[in-house]
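Please find below a note on the model under review. The points are numbered so that each can be checked separately.

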Amino acid sequence: MAFFTLSATPATAKREGYFTSTTMALMSQLGERRIVEAKSVDGLKPLILSFGRDTALQHPGKSFKIMVTVNRGSRKPRGFDAAYDSEALGTSEWLETTVADPVPHDGMAGVASWGRRYTPFRMDGAEPREASLTEAERLSDDGHLGFKGWAAEVAASLDTIGAPATALGCETRDALVSRYRAHQHPALAAAVLTASSMAEHLAAGGQCRGADNVSPARS
């Protein structure tokens with residue numbers, strides 16, 4: 001077993017092109033530190049996420065990054081450095097990342113923040129797209145607030161252009177997740193889905209291949 005100290009440091013990130021820079025208030029922290037014990041990377045991740053959820057509840061709306069320190073006398077579990085450096089442990093799930101120069105599309109504002117598992121999707125000049133996670137989603141790997149907000153924005157775009165109500169439902173969840181991960185602008189996604197829906201509707205006699213597609217995506 002190894003002991004770790006978890007702390008939440010106020011931080012924000014900005015994406016410029018292919019690069020993302022993070023600004024952290026290293027001399028500050030949100031709430032109290034927490035000491036946890038784990039024998040593997042897989043066992044450590046749920047403890048980090050639990051700490052992050054508790055911190056977010058105590059400091060709603062705050063953007064932060066979780067720092068993990070291996071306590072003196074403890075040996076790091078195999079794969080810890082790689083998982084920590086790649087943020088695979090969930091340390092940045094509450095870090096808000098904004099886009100430096102949001103790119104508009106077809107008369108629609110650009111995306112200011114794509115969101116993360118626990119941070120919302122937001123269009124430039126607008127409030128975060130309203131979306132929420134159920135308790136089960138928050139406690140599992142199946143919730144993704146950023147994806148849910150993006151899907152809601154795509155649905156709003158479809159409604160704006162008067163697209164068929166089935167347009168979103170005709171796309172599989174995995175395909176939607178791929179579009180979100182590729183940072184496809186909601187207006188572009190709506191246009192592509194509309195064309196795809198019409199073609200598929202004609203080819204399949206009104207049947208859609210998509211099912212339950214706006215369920216939360218895995219992070």
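1. Basis. This is a predicted model, in which local features need pLDDT of at least 70 and side-chain atom pairs count only at pLDDT 80 or more, whereas totals for chains, interfaces and linings use all residues. Residues are numbered from 1 along each chain as its sequence is written, and side-chain values use heavy atoms, with hydrogens and water left out.

2. Nonpolar cores. A nonpolar core is here a set of buried Ala, Val, Leu, Ile, Met, Phe, Trp, Tyr and Cys residues joined through side-chain atoms within 4.5 Å. Buried means under 20% relative accessible area, exposed over 50%, and partly exposed in between (1.4 Å probe, protein chains only). The largest such core has 23 residues, and those with the most contacts inside it are Phe4, Leu44, Ile48, Ile66, Val68, Phe80 and Leu89. At least two residues of this core come from each of β1, β3, α1, β4 and α2; helices (H or I, at least four residues) and strands (E, at least two) are DSSP runs, numbered from the N terminus. Helix α1 gives the most to this core, with 5 residues. Another core lies apart from it and has 21 residues, among them Leu158, Ala163, Ala187 and Leu193.

3. Ile66. Which residues does Ile66 touch, not counting residues up to four places away in sequence? They are Ser7, Ile48, Phe51, Gly52, Tyr84, Thr91 and Trp94, where contact means heavy atoms within 4.5 Å.

4. Helix α1. This helix (residues 41-58) has 18 residues and reaches 26 Å from its first C-alpha to its last, close to the 26 Å expected at 1.5 Å a residue. The expected span is 1.5 Å times one less than the number of residues. Buried in α1 are Val41, Leu44, Ile48, Leu49, Phe51, Gly52, Arg53 and Thr55. These buried residues pack against β1 (2-16), β3 (34-38), β4, α2 and α3 (135-138).

5. Helix α4. With 16 residues (145-160), α4 reaches 23 Å from its first C-alpha to its last, close to the 22 Å expected at 1.5 Å a residue. Its buried residues are Leu145, Gly146, Phe147, Gly149, Trp150, Ala151, Glu153, Val154, Ser157 and Leu158. Gly162 follows α4 and has a positive phi, near 70 degrees.

6. Aromatic pairs. Rings of Phe, Tyr and Trp (its six-membered ring) pair if their centres lie within 6.5 Å; planes under 30 degrees apart count as stacked, over 60 as edge-to-face and the rest as tilted. The count comes to 9 aromatic pairs. One of them is the stacked pair of Phe64 and Trp94, at 5.8 Å centre to centre and with 10 degrees between the planes. Phe64 lies in strand β4 (residues 64-70) and Trp94 in the loop between α2 (80-85) and β5 (97-99), so the pair ties together parts that are 30 residues apart in sequence. Phe64 is buried at 0% relative accessibility, and Trp94 is buried at 5%. Trp114, Phe121, Phe147, Trp150 and Tyr180 form one aromatic cluster.

7. Salt bridges. A salt bridge is a side-chain nitrogen of Lys or Arg within 4 Å of a carboxyl oxygen of Asp or Glu. How many salt bridges does a search of the whole structure find? The search finds 7. In the bridge between Arg179 and Glu171, the closest N and O atoms are 2.9 Å apart, and both residues are buried. Salt bridges that share partners join Lys65, Glu87 and Arg116 into one network. Lys76 and Asp81 form a bridge with closest N and O atoms 2.9 Å apart; Lys76 is partly exposed at 40% relative accessible area, and Asp81 is partly exposed at 40%. Arg122 and Glu96 form a bridge at 3.9 Å, N to O. Arg122 lies in strand β7 (residues 122-123) and Glu96 in the loop between α2 and β5, so this pair ties together parts that are 26 residues apart in sequence.

8. Glu87, in the loop between α2 and β5, has a positive phi near 65 degrees and is partly exposed at 31% relative accessibility. His183, in the loop between α5 (173-181) and α6 (186-203), has a positive phi of about 60 degrees although it is not a glycine. Is His183 buried or partly exposed? At 31% relative accessibility, His183 counts as partly exposed. Gln184, found in the loop between α5 and α6, is buried at 17%. Not counting residues up to four places away in sequence, Gln184 touches Trp114, Trp150, Arg179 and Ala189.
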